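Please keep the sequence and the coordinates at hand while reading.

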Amino acid sequence: MMEQIASRITLHSGDCLDILPTLAECSIDSCVTDPPYGLSFMGRNWDHGVPGIPFWKEVYRVLKPGAHLVAFGGSRTYHRMACAIEDAGFEIRDSLMWVYGQGFPKSHDVSKGIDKAAGELEARGKGFNVAGQNVGLNQNRELRSDHPNYQPYIPATDAAREWQGWGTALKPAFEPIVLARKPLSESTVAANVLRWRTGALNIDGCRIATGDVSNRVGGRRPSTHEGYQRPGATMYQDKSDWRMSVRGRWPANVCHDGSDEVVEAFPASKAGGLTGIDRAPIGYSGGSRGRGIVTKAFDDCGSAARFFYSAKASKADRAGSKHPTIKPVSLMQWLCRLITPPGGTILDPFAGSGTTGAAAQNEGFRAILIEREAEYQQDIRHRFAASSDLLEAAE
């Protein structure tokens with residue numbers, strides 16, 4: 001069934017391998033999706049495997065030449081997804097990193113396992129807090145280890161005590177995102193953009209905001225990061241008026257959730273400056289401040305996390321859904337904006353709760369959503385039910 005759930009958003013209910021063959025070849029401008037990671041996350045049956053080559057070949061078929069694809073992956077199974085995408089015909093252009101602070105380890109307590117095998121598993125320390133309340137539980141009905149009331153397991157046997165503190169997994173703190181592109185049909189990117197409107201990335205539309213403004217006069221050409229410019233100048237010309245671009249820093253292949261854990265993990269970066277030659281024709285070296293040297297300081301300082309795009313998750317992102325892997329709508333907007341031409345159509349074959357659709361709508365794009373699970377189809381309908389441009393369902 002196909003439903004026009006908003007003026008620019010279409011929902012196809014069913015398996016993507018059944019729906020994709022019904023879509024026209026070379027008809028879609030981009031693909032932004034969060035497919036299964038193949039981890040059987042929280043026992044969900046839809047996460048039993050990573051989409052293989054046949055699936056990505058169908059995505060390849062419906063995308064226009066030069067169209068980009070971004071797909072999230074699990075840190076343990078990302079390689080299988082990236083290889084399948086490449087083997088389907090896509091060019092791997094880059095890999096992005098989505099860093100977050102709220103993940104919890106899905107680790108097996110080795111000492112507890114030893115006691116269990118010996119029949120000595122004690123009731124204490126199984127993960128319940130001192131009041132025995134079931135709060136902050138993980139998927140094993142145990143308190144997460146980062147919960148303030150967590151009580152570590154107390155081994156009962158000598159063998160278990162020897163292996164106390166040993167586990168089987170690290171705390172997840174990032175998800176890789178593959179950035180791929182369907183090969184161009186034309187000889188150059190410029191020609192492909194003119195024919196299909198695809199093939200390039202929207203750099204200016206995804207720059208990272210900075211507290212510093214332009215008109216910072218003076219200084220040599222910076223090398224620490226992008227975002228500085230002197231219009232019309234080359235690196236061999238006079239650089240006395242290099243300044244921070246008011247458009248912001250060049251988008252990087254790292255983005256994060258802005259949480260305290262993530263911001264504190266980045267090193268502190270002091271306020272920088274540009275030092276260079278004034279209009280007087282003299283030289284400088286080693287930071288000496290002889291005649292004609294000009295130094296202008298910037299006022300943006302703090303964690304280096306500010307160099308990267310930050311998408312803070314909110315309760316509104318969930319829109320009432322219980323889907324376990326919802327991404328911030330603002331993050332999906334940034335990704336949609338990065339790879340989709342103005343007025344373009346975005347495909348999400350694993351729509352989940354519909355965050356890609358919400359992102360597309362917010363950015364003025366059209367979106368084709370495909371979702372197999374009835375529970376999440378209803379979540380998508382609920383997300384768009386409050387939209388003022390909701391349309392009647394159409395078969």
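How many salt bridges does the structure hold? The structure holds 13 salt bridges, where a salt bridge is a side-chain nitrogen of Lys or Arg within 4 Å of a carboxyl oxygen of Asp or Glu.

## Basis of the model

This is a predicted model, in which local features need a pLDDT of at least 70 and side-chain atom pairs count only at pLDDT 80 or more, whereas totals for chains, interfaces and linings use all residues. Residues are numbered from 1 along each chain as its sequence is written, and side-chain values use heavy atoms, with hydrogens and water left out.

Where pLDDT is low, the predicted coordinates should not be read in detail.

Side chains of opposite charge can pair when their charged atoms come close. Glu3 and Arg381 form a salt bridge in which the closest N and O atoms are 2.6 Å apart. This pair links distant parts of the chain, with Glu3 in strand β1 (residues 2-6) and Arg381 in helix α11 (residues 374-385), 378 residues apart; helices (H or I, at least four residues) and strands (E, at least two) are DSSP runs, numbered from the N terminus. Glu3 counts as buried at 7% relative accessibility, while Arg381, at 23%, counts as partly exposed; buried means under 20% relative accessible area, exposed over 50%, and partly exposed in between, with a 1.4 Å probe and protein chains only.

Lys64 and Asp29 meet through their side chains in a salt bridge of 2.8 Å, N to O, which joins strand β4 to strand β3 across 35 residues. Lys64 is buried at 17% relative accessibility, as is Asp29 at 5%. A salt bridge of 3.2 Å, N to O, pairs Lys327 with Glu175; Lys327 lies in the loop between α8 (315-318) and α9 (329-339), and Glu175 lies in strand β6 (residues 174-181), 152 residues apart. Both count as buried, Lys327 at 5% relative accessibility and Glu175 at 12%.

## The buried side of helix α2

In helix α2 (residues 53-62), the residues Phe55, Trp56, Glu58, Val59 and Val62 are buried. They lie on the same side of α2, because they cover an arc of only 150 degrees around the axis, taken from the directions from the helix axis to the C-beta atoms. The cover over the buried residues of α2 includes α1 (16-19), β3 (28-33), β4 (63-72), α3 (78-87) and β15 (345-348).

## Cysteines

With a disulfide taken as a pair of cysteine sulfur atoms within 2.5 Å, the count comes to zero disulfides. The cysteine sulfur nearest to Cys16 is that of Cys31, 9.9 Å away, and Cys16 counts as buried at 8% relative accessibility. For Cys206, the nearest cysteine sulfur is that of Cys336, 9.8 Å away, and Cys206 is buried with a relative accessible area of 0%.

Technical notes. Contact = heavy atoms within 4.5 Å.
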